[in-house]
Amino acid sequence: MGVPTAPIITDRFVGLVKYKAETMGMPLLRFIFIPHPISGQPHSLIRERVAGKDLTTGKPVMQEIIEALTKPLSADEKNPGYIQRQVPRLVGPDAPENLERLFLKNGWTDGLPIVLPTEERVAAMLQGTSHKPDEVVGKMAPSGAHEAWSYTVEKVAVNAVMAGCKPEYFPVVLAIASTGVISSWSSTSSQASMVLVNGRIRKEIGMNWGIGAMGPHNHANATIGRAYQLLSRNLAGGLDPEKTYLGTYGNNLAYNNVCFAENEADSPWEPFHVTRGFKPEESVVSIFGGYGGHLQILGIFNVEADWQKQLIRVFEGTATSDSILWTMDPLVAKTLSKVKGFETKKKITQWVYDHTGWPAGEYWSYSTNLLFKKGPAEKGVEPYATWLKVPKDTRIPRVVSPDSIHLIVVGGETNSFSSMWNWDYKKSASIDKWR
Amino acid sequence: VKKQISWSFIGAFLVSSLFVAFTSQAEEAKIAVLNPRGQPPPIKGIPLAPRLDTLAGKTVYIIDVRFPGTEILFDEMQKWFAANMPELKTVIRQKKGDYFENDPELWAEIKEKGHAVIMGVGH
């Protein structure tokens, strides 16, 4: 823009903005830090903060603003230079225990023990794909406002080794990396991801879609999901608290991102990847992301009375988001399909869309909707534009369309159990392409 | 005496051999591993815009990037300027779209009509 600017931010985000300014080429940007928080505070307190001091420097806030706009530029501010950031291919040599300590100290792990990525182990992992080690797989950024880093097949293999993956899992990890979707989006709302695998590779690598599929009961599920977390940390520079991760209390699901396979054989409907337009014989990985909050219903479909009412209540109880992920045991899917008359996914998602919702006034009272949806609504983006215009007591749908209710069948038929999750669908990628 | 010298020599030889053996074993135990980090892009420095000599008689745009509560903060800031620097004109504007979106129309307006910006990027 070429106009002198004084950026103001609350002092909880010093690490974030300094990191971002540095990586964007303005390391000496003249920030003014005002005491945190501003949102939700009484007017009188905000007035005091304007008249008060920047606690990081001890100077009055308003004086800093004036200086930021008028103090002559230093030589470094006029010419911040150019930095080529080289990443050496090897680390060490050193004793294994020292290397493990170094990886931990550098934030290259999740705090749990790792398998050290020796040349031999990485070479063995690379046997799991026909792609060359130096092929660029993609780019990934911690958020839409952060810089994106790039990575090769070899770099993905290094992280797969660290997570404990077997070479036969490697095409799945490469497909995940190819989506460019980070596992823990750097939002203050503590995000994580969910990883779904469909197609014949599920059987080939021994993934679990039955009892305990979403839990720590299967090597492939566990290590593929962990590889996703480690590669997001290392290949995108993500998950670094203060700089590239801001989730206020974090998310335990982020350790392995709820990685599982769909129970395709016991589902009365087409599998998820087919719903997304892939062929049944294809192997596909799909990523969902968000807060991951979820509400459950136990055995609801065994009870004739009020099952619809209970279902609606759970859907409406989940936090506001554009879409909902509905995971269900095969018992639930079969009951819905064969007993309740929802022979297709389309029928049940349409029913949920038609029967769930909330008053427009309530929708627009959520801070996330004010932050992310009101701007697009004012620019005419639908359905938000219409939702913004209707009277406050008008009922608007729970999700943006029937297609934004995603159904996945998983589980071992020990309970007619189902969960509604705050996950948004992000992306699907072919695993076969990475074999 | 001859015997003593021989034994000393043998002892010194054994000690130094053991030292060499342990040292080479320690060296052998060292390994190199592959670096797990991806490739960050180069940083191309962007110079800061030239500063103003004075704010007197100038127009400063105060830009709200839409974090909740920012409007109260900037309302108070505008009042402070009116009370303490009445020769300065302030214009409060809310950026279009959500906080990730660019607003080139607003930047063009500021370049044409404004002299400086205060941008509220926090919450």
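**Salt bridges, within and between chains**

Mentor: Let's start with A:Glu413, which pairs with A:Lys334 in a salt bridge, their closest N and O atoms 2.6 Å apart. A:Glu413 sits in the loop between β15 (405–409) and β16 (417–430) of chain A and A:Lys334 in helix α13 (residues 330–339) of that chain, so this pair ties together parts 79 residues apart in sequence. By salt bridge I mean a side-chain nitrogen of Lys or Arg within 4 Å of a carboxyl oxygen of Asp or Glu. Helices (H or I, at least four residues) and strands (E, at least two) are DSSP runs, numbered from the N terminus.

Keep in mind that this is a predicted model: local features need pLDDT of at least 70 and side-chain atom pairs count only at pLDDT 80 or more, while totals for chains, interfaces and linings use all residues. Residues are numbered from 1 along each chain as its sequence is written, chains are lettered from A and ligands numbered from 1 in the order written, and side-chain values use heavy atoms, leaving out hydrogens and water.

How open is that first pair? A:Glu413 is partly exposed at 30% relative accessibility, and A:Lys334 is partly exposed too, at 25%. The scale calls a residue buried under 20% relative accessible area, exposed over 50% and partly exposed in between (1.4 Å probe, protein chains only).

Next, take A:Asp110 and A:Arg226, whose side chains meet in a salt bridge at 2.8 Å, N to O. This one links distant parts of the chain: A:Asp110 is in the loop between α5 (96–105) and α6 (119–126) of chain A, and A:Arg226 is in helix α10 (residues 219–235) of chain A, 116 residues away. Both A:Asp110 and A:Arg226 are buried.

Now for a pair that crosses between chains: B:Arg66 and A:Glu378 form a salt bridge, 2.9 Å from N to O. B:Arg66 lies in the loop between β3 (59–64) and α2 of chain B, with A:Glu378 in helix α17 (residues 374–378) of chain A, so the pair joins two chains. B:Arg66 counts as buried at 8% relative accessibility, whereas A:Glu378 is partly exposed at 46%. There's also a network, in which salt bridges with shared partners connect A:Arg47, B:Asp75, B:Glu76 and B:Lys79.

As for contact (heavy atoms within 4.5 Å), 56 residues of chain B touch 87 residues of chain A. The area buried between the chains is about 6600 Å², 68% of it from carbon and sulfur atoms. In chain B, B:Leu34, B:Arg37 and B:Ile43 lose the most area to chain A, together 13% of what that side buries. Buried area here is the accessible area (1.4 Å probe) that two parts lose on being put together, summed over both.

Finally, B:Leu34 of β1(B) stands opposite A:Leu90.

Methods. Pairing = 2+ DSSP bridges.
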